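Here is a short note for a colleague opening this model for the first time. Please keep the sequence and the structure side by side while reading.

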Amino acid sequence: MGSELVRDRVADTKTTTKYDQGMLLFNKLKSWAWIIVRAFLLIGLSFVILYPIFLKISIAFKDKADIYDTTIMYIPKNFTLENFQMVFETMGYFEALWNSFVLSGSTMLLTTISCALIGYGFARFNFKGRNILFGLVVFTILVPPQTLMVPTYLQYRDFDLFGLISLFNDGSGIRLIGTYWPFLLTSATGVGLRAGLFIFIFRQFFKGIPQELEDAALVDGASVFRTFFSIMLPNAIPAIITVMLFSFVWQYNDVYFTTLYLDNPNVISGKLLSAPSTIGHRLSAISGGGDATDPLYLSMLVNTAVLLAILPLIILYMFVQRHFVESVERTGIVG
Amino acid sequence: MEPIIKTVKMSKHFGSGNKKVELFNDVDISIGRNQLVGIRGRSGSGKTTLLNLFGALDTPTSGEIYVEGQLLNSLDSRQRSELRRTKMGFVFQSYGLVPLMTVEENIEFGLRIVGIPREERPDRIKRSVEIVGLEKRIHHRPFELSGGEQQRVAIARAIAPGPSIILADEPTAELDTKTGFYIIQAFHELIKNTETTIIMTSHDEEILSLIEHVYVLEDKRVAYEKNETTV
C-alpha cells in the first residue's frame, strides 16, 4: 500500500517534470524565436536606413572607369578621391559649409531663445487674448510659408518698421534680400522656420513643470526673469536640445527660404540644389564644350555631392545622438 | 499692336549721396504681345530689379511703366496687388511648392487664390499640366520630383489662371543645360498655344541663344538683340 503510494507519487512527479521540461523547451524556443524575429526586424530597418548611405559611399570612391565595369557591384577596383576633389572645387564646399554652419547656428540660437521666452509666456501667464494669440501660433504651423512668397519677398526687399526707416533713408526701406538679416530677424522674433512648432514644444514642456517650483522661487524673492533663467530653463534642457537640433537641421536642409532671401545662396542646401547644373557646366567646359558629358559620370559626381552635403549632419549626429534620443523621448515629439 | 509692356524714360536708382547706385537711366523699351523675351546681364546688373518693375513689385525712381496700356505709377498698392493677381504669373528661382500637396493640388491652390470658380479648375489644371508635359506626375508630391520637374510644376501653377504676362526670374539657374532646354521648350509651347507673354532673366548664354527677343542690360541702358532661332 505505502510503497504503491510512493510509486504513484514518483510517477506523478515524473510526469510533472516531463511537462515542465516541455514548457521549458517551449519557452526557450519562444525566446529564441523572438530573438530571431527581433534581429530580423532590426537588421531590416537598419538596412533600409544604411543601404543608401553605403551605396553613396561606394559610388563616391569609384573611378570613372569603374562605371562600365560589370564585374563591380559595390567595392570599386580603382579607389580614387578624384570625385571628392572635383566636387570640393565646383561646389566651393568649405566656404558653403562654413556659411551653412554660421547661418544654421545663429538662427538656432536665436530661435531657441525667442521661442523659449514665448512658450514660457503662453504656459504660465494669464493675460487677455492668450488663447487667441496661441491659436494664431498654431495657425502659423498650419499655413504653409509657400503661400506667402511674394509678400515675404516684398517685406525684406523693402524692409521697414512702422515707416521709421524710410524717414531716415530717403523714403524707402532697406534692401535685406541677399543678406542673412531676414533669417536673423525672423528667428529673433520667433517667426522663423517652423517657430510655431518650437513655441508649442516649449509651452507644453513648461506646462509640465510643477507650479510649486515657481512658487518656491517667488517666496524666495526671485523676479520673473530670475525664475525663468534659474529655475525653468535648467529644467527645460531636454526641450531646449530638441528645439536646437531640429532648428539647426531644418535650417541646414532648407531650400525654400535660402533661395527666396539670398540672391546667390552660398550655403550647402543651395549649392546642392544647383550641383547638377554647375558640375555639368564644369564637365562640358573640361571636355571642350558640346553636349558630350557622360550622364552616368555626372550622376556619380552629383551623388558624391549629396554624400558630402549630408556628411556633416551624420558626424554631428554621432556626437549628439544620446541627447537627441533622450530629449525626444522626454518631450514626446516624434519626427 | 499695342505693346504689353512699355517704359518711358524709366530710371531706377538706389541709395543716395556717395552710395548712390544708378541701375537704369532713361530706359525706353516696349515689349510686344505673345513673345518669349529674355533679359541678359551680369549678376548685379539689375535683371531682377527690371523684372520687379514690370511686375509692379517695385517702383521706378522716375519715368513711366505701362502694362497693357495702364500706367503703373498711378496705382496704389491694392490696385497693384489686384493687377499682379489677375494679369501676372510669377516663377521664382525658389519653386515655392507646398510640400504636403500633390502637383494637382499645388496648381489648384494657385487657382483658388486667384478666385477661379471650382468648376473651371479641373480643365485648367489639365491644360497647364499638358503644356509643361507632366501628365504622369500629377499625383506626385514635390519631393518625389526632380528639380526640373518641380520648376515645371511652378510654371504650370503660374500659367493655370491664364495670366497675360509671366515673369520668370532665373527659372533655369538651378537646372543642368538639358533640363533648362526643356523649360525653354515648354515656354515656346506656351506662347504658341496661348496669348501669354513670357519675360525671363538668365545669365546662361546657351539658354538665351534659344530665345528670339533678348534685352541686354549694359551701362545703365537696355539694348535689344534679335536672335535667329530655329526652335
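This is a predicted model: local features need pLDDT of at least 70, side-chain atom pairs count only at pLDDT 80 or more; totals for chains, interfaces and linings use all residues.

1. Residues are numbered from 1 along each chain as its sequence is written, while chains are lettered from A and ligands numbered from 1 in the order in which they are written.

2. Start with helix 5 (residues 147-159) of chain B. Helices here are DSSP runs of H or I, at least four residues, and strands are runs of E, at least two, numbered from the N terminus. Of the 13 residues in helix 5 of chain B, 12 are buried (20 or more other C-beta atoms within 10 Å of a residue's own, C-beta atoms being placed from the backbone). Among them are Gln151(B), Val153(B) and Ile155(B). The buried residues pack against elements of chain B including strand 7 (88-91) and helix 6 (177-193).

3. Next, take helix 3 (residues 93-124) and helix 8 (residues 195-208) of chain A. Their axes, lines fitted to C-alpha atoms over the stretch in contact, come within 7 Å and cross at roughly 50°. The contact includes Tyr120(A) of helix 3 and Phe202(A) of helix 8.

4. Finally, the two chains meet. The contact takes 16 residues from chain B and 15 residues from chain A (in contact: C-beta atoms, placed from the backbone, within 7 Å).

Definitions and conventions:
Two residues are in contact if their C-beta atoms, placed from the backbone, lie within 7 Å. The expected span of a helix is 1.5 Å times one less than its number of residues. Axes are lines fitted to C-alpha atoms, for helices over the stretch in contact, and angles run from 0 to 180 degrees between N-to-C directions.
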